[in-house]
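Please keep the sequence and the structure in view while reading.

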Amino acid sequence: MANLKFSKTALLALDLPEAGKRATFYDTETPKLALRVTHAGAKTFYVVKRAGAGMAWLKLGTFPDMTVENARKEAAKVLGEFATGANPAAVRRAVREEPTFAEVLAEYLLHKRKRNGSPLAERTKGEYLNTARLYLSTIMQVKLSGVTHEQVEKIHNKVGKTAPFAANRAKALISSVFNYAKDKRLYSGENPAEGITGFAEEARERFAQADELAALLAAVAQSEQRDYFLLSLLTGARRSNVQAMAWRDLDLAGAVWRIGKTKNGTPQNVPLSPEAVMVLNTRRERAGASSFVFPGTGKTGHLVEPKKAWATILRTASLLRLLDALNLDETSRTEAEALLTEGLAKAEKRYHAQAAAAGIDPADFAMTDLRIHDLRRTLGSWQAKTGASLAIIGKSLNHKTHQATAIYARLDLDPVRQSVNTATAAMLEAAGLKEGADVLPLPTKRSAA
């Protein structure tokens, strides 16, 4: 038996006892915290406390899975239980029954309710689980009282070196789980995420600019998911709502799409521009038996976010903008578009090389940083460009803030519809697809040359 100040370095350096024997070490900083070491190298933390005529050994965890800091924190809790007069069996039960972070996270995802009483969306649950999988592995199997402020800060700082946004989401998830545990009386200690300053995040302001719209819409026209991306742009609706758009929710005669439940947990009436109605009417004519506008083969029955299709659209749009910059003659441009139809990678290789020879950097014309969600932001941005108020924009996009909710509630669809139609017209005029008050057919998929 020996005394030493426990630390990771000190415990890793301990000599192993002879075969068939074990050694015990006591921490000089936390009385009654012990570490037993076997000849095979197993190292286990215990709290050693006299109980009547004998000694009670309460196992806390194994090193290094349990850190020294966590062992000290667990020991303090156990000794606190003893101080209340609890017997060893009761203390063992209290230690054994305290949930781990992973257990509370699972309950949080299952039972957590938003302010309006609705459960967490499946997409949100998936994002939280992904955050836990990627960044929180070091605390998942740790009991709540064993998760320290220092551990959370270490996670936050480590992730923040390369992904500050993800680091802030990880910290927020830890904080939310601990607040939930306290609300449900599963935990009574401090929230270890409190007091950790988040990293600065730049607000995303990306949307399709006037000089990008023509290439973007031309690329969309070549996609098998043309209608999905067009309606995402023309309605400004969240992509998950567009994916789940159902025919029963559409009043094409009245040019209104009724969404029963949005991300905010509220319903929304979306005014449909004449161009959006045209797309839907055309799609309706060739619709099958599915109740969804964009049917899918998965368990949802509807389209799931087409990331590959979007990536192809952005590469195509980027190349089209580069071709414009090369100022090709009519014959060369026709040849370029024919090559693009045959294969995107082959066309990129040829015209990137041609651009480099001409001293043109293809990166200057790239649109690959545009996200699907930016189509929603694009409509709002063009509404602002064409003079819509923030209240009108918020109503049309179903934004929800405490300050603006009362204003939005008083708006009817007429000014919202006018703003959406005006913004749509401005976008299409910028793309060269609309003149004056005429409603022109949107670009269709180009036939192979």
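Proline 64 sits in the loop between strand 5 (54-63) and helix 2; helices (H or I, at least four residues) and strands (E, at least two) are DSSP runs, numbered from the N terminus. The peptide bond leading from phenylalanine 63 into proline 64 is cis, with omega near 10 degrees. The model is a predicted one, in which local features need pLDDT of at least 70 and side-chain atom pairs count only at pLDDT 80 or more, while totals for chains, interfaces and linings use all residues. Residues are numbered from 1 along each chain as its sequence is written, and side-chain values use heavy atoms, with hydrogens and water left out.

**Backbone angles**

- Most residues other than glycine have a negative phi, and most peptide bonds are trans.
- Arginine 185 has a positive phi, near 60 degrees, and is not a glycine.
- Arginine 185 belongs to the loop between helix 7 and helix 8.
- With a relative accessible area of 71%, arginine 185 is exposed; buried means under 20% relative accessible area, exposed over 50%, and partly exposed in between (1.4 Å probe, protein chains only).
- Alanine 255 also is not a glycine, and its phi is positive at about 55 degrees.
- Alanine 255 is found in the loop between strand 6 (250-251) and strand 7 (256-259).
- Alanine 255 counts as buried, at 13% relative accessibility.

**Salt bridges**

- A salt bridge here is a side-chain nitrogen of Lys or Arg within 4 Å of a carboxyl oxygen of Asp or Glu.
- The count by this rule is 18 salt bridges.
- Arginine 72 and aspartate 27 form a salt bridge through their side chains, at 2.9 Å from N to O.
- This pair links distant parts of the chain, with arginine 72 in helix 2 (residues 68-83) and aspartate 27 in strand 2 (residues 22-27), 45 residues apart.
- Arginine 72 counts as buried at 19% relative accessibility, and aspartate 27 counts as buried at 5%.
- Aspartate 227 and arginine 286 form a salt bridge in which the closest N and O atoms are 3.3 Å apart.
- Aspartate 227 is in helix 9 (residues 226-235) and arginine 286 is in the loop between helix 11 and helix 12 (307-326), so the pair ties together parts that are 59 residues apart in sequence.
- Aspartate 227 is buried, with a relative accessible area of 5%, whereas arginine 286 is exposed, with 55%.
- Glutamate 305 and arginine 239 meet in a salt bridge between their side chains (2.6 Å, N to O).
- Here too the pair links distant parts of the chain: glutamate 305 is in the loop between helix 11 and helix 12, and arginine 239 is in helix 10 (residues 239-243), 66 residues apart.
- Glutamate 305 counts as buried at 19% relative accessibility, and arginine 239 counts as partly exposed at 22%.
- A network of salt bridges links Arg206, Asp211, Glu212, Arg321 and Asp369.

**Surface charge**

- A patch of positive charge on the surface is made up of Lys8, Lys154, Lys158 and Lys161.
- Charged patches are made of residues with over 30% relative accessible area and no salt bridge, and like charges are joined within 9 Å.
- Lysine 161 is in the loop between helix 6 (149-160) and helix 7 (164-183).
- Lysine 161 is exposed, with a relative accessible area of 72%.

**A buried loop residue**

- Isoleucine 196 lies in the loop between helix 7 and helix 8 (210-221).
- Its relative accessible area is 9%, so isoleucine 196 is buried.
- Isoleucine 196 and glutamate 150 are 46 residues apart in sequence, and their C-alpha atoms are 9.7 Å apart in space.

- Helix 11 (residues 274-285) has 12 residues and should span 16 Å at 1.5 Å a residue; its end C-alpha atoms are 17 Å apart, which agrees.
- The expected span of a helix is 1.5 Å times one less than its number of residues.
- The buried residues of helix 11 include Glu275, Ala276, Val277, Val279, Leu280 and Arg283.
- Helix 16 (residues 390-397) is mostly covered, with 6 of its 8 residues buried.
- Buried in helix 16 are Ala391, Ile392, Ile393, Gly394, Ser396 and Leu397.
- Asparagine 398 follows helix 16 and has a positive phi, near 60 degrees.

Technical notes: Patch = residues over 30% accessible without salt bridge, like charges linked within 9 Å, V, L, I, M, F, W, Y side chains within 5 Å. Areas by Shrake-Rupley, 256 points an atom, 1.4 Å probe, with all protein chains shown as cover. Lys, Arg positive; Asp, Glu negative; His and termini not counted. Charge placed at Lys NZ, Arg CZ, Asp CG, Glu CD.
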